[in-house]
Structures are given as C-alpha cells and as structure tokens.
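Hello,

Here is the structure I said I would pass on. Please open it first, then read my notes below.

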Amino acid sequence: MTVKFAYQPPLDQIRSAMANSRKIKGEVSVQNFTGSGAENEVEIGTEAQEEGQLNVNRQDMQDVLNSRWGQTSGKLDFNNASQQAVVERLRDPWLAPASP
C-alpha cells in the first residue's frame, strides 16, 4: 500500500509500529516512495502471497496507521484497496439518509 503523509514520513516509527503489530502476518517492509512527483509518500508491503491474507494485512496496516497517526484523509486508493473496501465505499453513500 502507498501512504501519503502531510509531512516527511517518520520511517523508523512506521517500521516499529508495523513490527509491533501482532495482527500483521509476515515480514513488513517500509520504503520511501519516489519518482513521478511523489512527495512524503511511503510504500508499505508484506510478504503475504495469498489474496485473502493480503486483504487482512492491508486492513491491519491501516488500523496501525490510524491508531498511531490519526484518521486518513478519507480518500480511497483504488490501486491498494481491497475489493470489500471498494464495495463499502461505493455502497455507503447510498445508505445514508437524504438531506432535508
């Protein structure tokens, strides 16, 4: 997954937070994301190969980031989102009550 920070990402703190999570399965890598005008972005990955475990790891990594650095901007990264996250994002606005 690619994560954009509003400031220079604290790579060591991100690595430590991911390593201390007991939920994330497999080795976690955290690298600066560079190129194509990328700024303040990191790439976080796991060695998990099975799609189901990747989706679980993705959610667990997002939970770790949210608990440590606060909520995300609310933008969904379709390149890194699980199928379920996309379905929920598209469905949820339709379930909200209409404004008066």
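**Glu41 and its surroundings**

Glu41 touches Thr2, Val3, Lys4, Pro9, Gln31, Asn32 and Phe33, leaving out residues up to four places away in sequence. Please keep in mind that this is a predicted model. Glu41 sits in strand β3. Is Glu41 buried or exposed? Its relative accessibility is 17%, so Glu41 counts as buried, the cut-off being under 20%. One of its contacts is Thr2. Glu41 and Thr2 are 39 residues apart in sequence, yet their C-alpha atoms are 6.7 Å apart in space.

**The chain as a whole**

The protein chain has 3 helices and 3 strands. Along the sequence they follow the pattern β-α-β-β-α-α. The protein chain has 100 residues, and buried ones make up 27% of them.

The 3 strands form an open sheet. Their order is β1-β3-β2, and the pairing is antiparallel. The edge strands are β1 and β2, each of which pairs on one side only. On average, neighbouring strands of this sheet are turned by 25° against each other, direction ignored. α1 packs on the sheet and touches β2 and β3. The direction of α1 makes about 165° with that of β2.

How many bridges join each pair of strands? Between β1 (residues 2-4) and β3 (residues 41-46) there are 3. Val3 has Val42 of β3 as its bridge partner. Between β2 (residues 28-32) and β3 there are 5. For Val28, the bridge partner in β3 is Thr46.

**The core**

The largest nonpolar core holds 15 residues. Which of them have the most contacts inside it? They are Val3, Ile14, Met18, Val30, Val42 and Ile44. At least two residues of this core come from each of α1 (11-20), β2, β3 and α2 (51-69). α1 gives the most to this core, with 4 residues.

Ile44 is worth a click. Set aside its neighbours within four places in sequence. Ile44 is then in contact with Met1, Val3, Ile14, Met18, Val28, Ser29, Val30, Met61 and Leu65.

**Phe5**

Phe5 is found in the loop between β1 and α1. Is Phe5 buried or exposed? Its relative accessible area is 9%, under the 20% cut-off, so Phe5 is buried. Not counting residues up to four places away in sequence, Phe5 touches Pro10, Ile14, Asn40, Val42 and Trp69. Asn40 is 35 residues from Phe5 along the chain. The C-alpha atoms of Phe5 and Asn40 are separated by 5.4 Å.

**Helix α2**

α2 has 19 residues. From its first C-alpha to its last, α2 reaches 26 Å. That is close to the 27 Å expected at 1.5 Å a residue. α2 lies across β1 and β3, and runs at about 135° to β3.

Which residues of α2 are buried? They are Asn57, Arg58, Asp60, Met61, Val64, Leu65 and Asn66. What covers these buried residues includes β1, α1 and β3. Met61 and Leu65 are also among the contacts of Ile44.

Now look at the two ends. Glu50 caps the N-terminal end of α2. A side-chain oxygen of Glu50 lies 3.1 Å from the backbone nitrogen of Gly52. After α2 comes Gly70, whose phi is positive, near 90°.

**Where to start**

I would begin with Glu41 in β3. From there, follow the bridges from β3 to β1 and to β2. Then turn to Ile44 and its contacts, which include Ile14 and Met18. Finish with α2, where it lies across β1 and β3.

Best wishes

Notes: Residues are numbered from 1 along each chain as its sequence is written. This is a predicted model: local features need pLDDT of at least 70, side-chain atom pairs count only at pLDDT 80 or more; totals for chains, interfaces and linings use all residues. Side-chain values use heavy atoms; hydrogens and water are left out. Two strands pair if DSSP finds at least two bridges between them. A nonpolar core is a set of buried Ala, Val, Leu, Ile, Met, Phe, Trp, Tyr and Cys residues joined through side-chain atoms within 4.5 Å. Buried means under 20% relative accessible area, exposed over 50%, partly exposed in between (1.4 Å probe, protein chains only). Contact means heavy atoms within 4.5 Å. The expected span of a helix is 1.5 Å times one less than its number of residues. A polar contact is a pair of N or O atoms within 3.5 Å; within protein, one must be able to donate a hydrogen and the other to accept it, and residues adjacent in sequence count only if both atoms are side-chain atoms. Axes are lines fitted to C-alpha atoms, for helices over the stretch in contact, and angles run from 0 to 180 degrees between N-to-C directions.
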